[in-house]
Amino acid sequence: MPTNFTVVPVEDTEAPSSSNATSSPEAKPVSLGQIFERTGQETTVDNQQGAQIDDVEGEKESTPFLNSDNGSEPDYEGKNMALFEEEMDSAPMVSSLLSKLANYTNLTQGVREHEEYEDGVRKVTATVPPMGTFIGVYLPCMQNILGVILFIRLAWIVGTAGILGSFAIVSICCICTLLTAISMSAIATNGVVPAGGSYYMISRSLGPEFGGAVGLCFYLGTTFAGSMYILGTIEILLTYIVPSTRVFEAQNKEGEATAWANNMRVFGTGCLLVMALVVFVGVKYVNKLALVFLSCVILSILATYAGVIKTLLEPPEVNVCLLGNRSLKNDMFESCTKTEMVENMTVMTQLWGLFCNNTCDEYFELNNLTEIKAIPGLLSGVIKDNLWGDYGPAGSVLEKKTLFSAPAKDMSKDIDKPYVFNDITTYFTLLVGIYFPSVTGIMAGSNRSGDLRDAQRSIPVGTIMAILTTSFIYISCVVFFGACIEGVVLRDKFGDSIGKIPVIGILAWPSPWVIVIGSFFSCCGAGLQSLTGAPRLLQAIARDGIIPFLQVFGHGKSNGEPTWALLLTVGLCEIGILIASVDAVAPILSMFFLMCYLFVNLACAVQTLLRTPNWRPRFKFYHWTLSFLGMSLCLSLMFVSSWYYALVATVIAGCIYKYIEYRGAEKEWGDGIRGLSLNAARYALIRLEESPLHTKNWRPQLLVLCKPDSDLSVKHPRLLSFTSQLKAGKGLTIVCSVLQGTYMTRGQDVKTAEKSLKAAMVAEKTKGFHHVVVSSNLRDGFSVLIQSAGLGGMKHNAVLMAWPAAWQQARDSASRQNFIETVRETTSAHQALLVAKNIDRFPDNSKRLREGTIDVWWIVHDGGLLMLLPFLLRQHKVWRKCRMRIFTVAQMDDNSIQMKKDLQMFLYHLRIDAVVEVVEMHDSDISAFTYEKTLVMEQRSQMLKQMQLSRTEREREAQLIHDRNTASHSDKTANSLPPDRVHMTWTKEKLFSERAKHKEGMAVKDMFNMRPEWENLNQSNVRRMHTAVKLNEVVKKKSKESQLVLLNMPGPPKNKKGDENYMEFLDVLTEGLDRVLLVRGGGREVITIYS
């Protein structure tokens, strides 16, 4: 293809004064960059004004640099860097870039506004001193990890699962969070992580779909964590602090569970409203009390360890009363005996009255009462009894298995006796789900990344050290509880056998109230932290704009407080409180946290395996195998703890993912899933290149040639509708347009045309790729697209284009030549060609054809494409109700009956349902109409050849006419002839008249006045016209009312002199038909009878 050069003259003029000019009084010389950018200056300004980003995070992601100030012009007055003057227009100096990096702060806008608006007065400067690893990461993680489960459930888990089972539960959960922390550290140290924590890391690593789904799951987990902490607060309040304040009291034993649940709901709702009011009024008070809450936790743990040490010296004097081997509630009696001596008289104790009401209970009569120490001590050897678990169903009595017990025959009335019962059915997987929330909270450090002095060092060190510390605390507590406390007491969840004191409380030193008060404030603080963090997480997701229906929750008060998000959080938190059980809520939030941790591990593994250039974490102690192990652990724990909750959480995340995929805003965050898609696409393309495509896998991969109109919009949008109907969303579709000119001059037009193509494809529901090329002429552009469109094995094998309806009116016959050359190009490239005539009459995607037929006129076998296309069309809902008919033409020597049978059998083997009809076309004489059509065709061809004037000759004649008209206007003679007007449109009449007047000796024969003889016509053209006329008559007779007619498209003539005649033949062949699709095969079989 020849190379075209365009010479553009450039005048060296001074740039006009504008807003970009500097304030220097001396005029600066105009740079070459300003000269070349002057043409696109207005567009650039418009784009800058229109590309406003709503949030600060979007602004940071739109540029690879931090705090880049695009509005100010770089200052390069010095002469030392004059060589790089052109680059300075678009790239910053290194010195200015380093200065901006040094002054970078990643405090979000909401945090800064909150600091400025606190106390109701806007401060001039609000700086937060940067925190180190201990204060900024270690302590917040400790506070979030240690919480309600440690104080009110860990001892019960140890007693139920045993020391070994509890050790396994704690180890699995702690290893899971440790592996997650390693993956999180790698992600957090791979660049600057703005405040946003896990949501920001996952969304920017796995894309908006995964980020939004997991972000909402993390939000739900944090919200239900608030419910669990509030329920824990109320449980401690009503059980250990002020049990007399209960509103609902049970009338009998069966109603105790219902009354307890109602009390939890009432008090929990009130506590939630109070906490929400505190969060709404001022978050700063919550943050200031965080240290108090953490102190309570640490003091409680220290008191527990002190109590363990004290058991070595002097075990506490706390006893448990057992009847046989059954544990008794000691709040209804004082003496653990059946009788006692009062003034030398044997008196029945309170226990006797509880078990003997007319007749004594059989079990009470058969067994004796014994008192054992609740805390035998660290050296007592009780650890042997507590090694193994003791699971039981709901309603079973807590028993000490090592003591003898005489069984009773009638156990039906045990429910009314003062035994200690299991409130729920216990099993190992349930305990995993209940315990896991106690190891969550590892994201607290990454959430504070904006306040850290060195986040890339503090986050990994602080988080991992906090996990190791809390893991040591949990494992040591498991061992100490099992080694110090009696098993029957450990399984007493609410401390009924020891006087309504928490089990850890009797172990703590100096007083059980240290544990009670400490755990109460710890739960209060954790609940306030959840109600503070969850709305901000939802606000961050809403402000990202990836989930449209959540955008209302991105707004808040003037200081950035998420008011609407807080209201939604309170509503969801109330749902958890209505469940009214810590044991039932804990597995729910475990699901959401586990899913979040799973995707953190997945993000690290994907980024590591992809080896993207941007993956350069400063934390080096990670590996993709560790991330996959953590991901597998998270997934296993989800289904181990509660498979139905796991399914519900997965469905919720999947629905959010699909919603964001279809309705969410398009975001390009350089995520790993996109990189994974690119790697998968590259692998698939390489595999496609390894072996040729089999006929069974052949499908039309379309290159759609769209013609743009004067506004660069798609001229025939129904061409895209037909494409989507033919493809039904499957296979490759490349929609292309060609603009005439050079890319340098039409670069902006290319962008406009691509936007129009994309908009048209979206409107017509056409899935595929779009591309616009610029070429010196349209023919070369089409040739380049046919040769080079696609990539590797994903190349087109068919070209779809519209019939050039105006080929007869085109003065320079460009459309005709382009069309015929495109036909030749596709034939040479062994590609199929589909030409849609009357494309604007084709149905759009919203129309449903209720009846009608798709008629196939199979004249020449060119690979079976004619029969495959109707089958594909009928898969779409537009053509589904249409029947398929196949017509074939029989000549004189053919057996039409046998042809019909053979064709029916062939279609049967092809599994295609169609009505078969054989049309007989007998040899007949050539009619006068055929000769007349041929005559007109050849006359038109000769006339077009005469009009092929060079551009120079045409301009010379136009100037001659203009001079003559000017002279005629200046003639003032009354008898002078009226002047001829200048004809702006060059017609054949004007051509002949002007050339006859102004060119002596030049005689042009008037073709329209001669009477040619039919025998002088080209006999080959006559025969072809005869075929076209006769076949058109048959097609119109049979398929006049059909919805679509598919015809074999004859090939173009080898001699280019007959191009005009070829177009005439095709026009005559399809004359009088509503919708026609001309099909030319690519020279290979595309349909097979084999499976």
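Within what distance do the axes of helix H22 and helix H24 come, and at what angle do they cross? In this predicted model, for which residues are numbered from 1 along each chain as its sequence is written, local features need pLDDT of at least 70, side-chain atom pairs count only at pLDDT 80 or more, and totals for chains, interfaces and linings use all residues. Side-chain values use heavy atoms, with hydrogens and water left out.

The axes of H22 (residues 582-610) and H24 (residues 643-663) come within 9 Å and cross at roughly 45°. Axes are lines fitted to C-alpha atoms, for helices over the stretch in contact, and angles run from 0 to 180 degrees between N-to-C directions. Helices (H or I, at least four residues) and strands (E, at least two) are DSSP runs, numbered from the N terminus. H22 and H24 are therefore oblique to each other; angles under 35 degrees count as roughly parallel, over 145 as roughly antiparallel, 65 to 115 as roughly perpendicular and the rest as oblique. Their crossing is right-handed (the near helix is turned clockwise from the far one by less than a right angle; anticlockwise is left-handed). H22 contributes Ala 584, Pro 587, Ile 588, Met 591, Phe 592 and Met 595 to the contact, and H24 contributes Tyr 645, Ala 646, Ala 649, Thr 650, Ile 652 and Ala 653, where contact means heavy atoms within 4.5 Å. By class, this contact of H22 with H24 has 11 nonpolar, one polar and no charged residues (Ala, Val, Leu, Ile, Met, Phe, Trp, Tyr, Cys and Pro count as nonpolar, Asp, Glu, Lys and Arg as charged, and the others, Gly among them, as polar).

For helix H9 (residues 154-188) and helix H23 (residues 624-641), the axes come within 9 Å and cross at roughly 135°. H9 and H23 are therefore oblique to each other, and their crossing is left-handed. The residues of this contact divide into nine nonpolar, four polar and no charged.

Turning to the strands, an open sheet of three strands has the order E2-E1-E5 with antiparallel pairing; two strands pair if DSSP finds at least two bridges between them. Its edge strands, E2 (326-327) and E5 (369-373), each pair on one side only. Strand E1 (residues 319-323) pairs with E5 over five bridges, and Leu 323 has Leu 369 of E5 as its bridge partner.

Strands E3 (residues 339-342) and E4 (residues 345-348) pair in the antiparallel sense over four bridges. The bridge partner of Val 342 in E4 is Met 345. Two residues lie between the strands of this hairpin, in which Glu 343 takes a positive phi near 55°.
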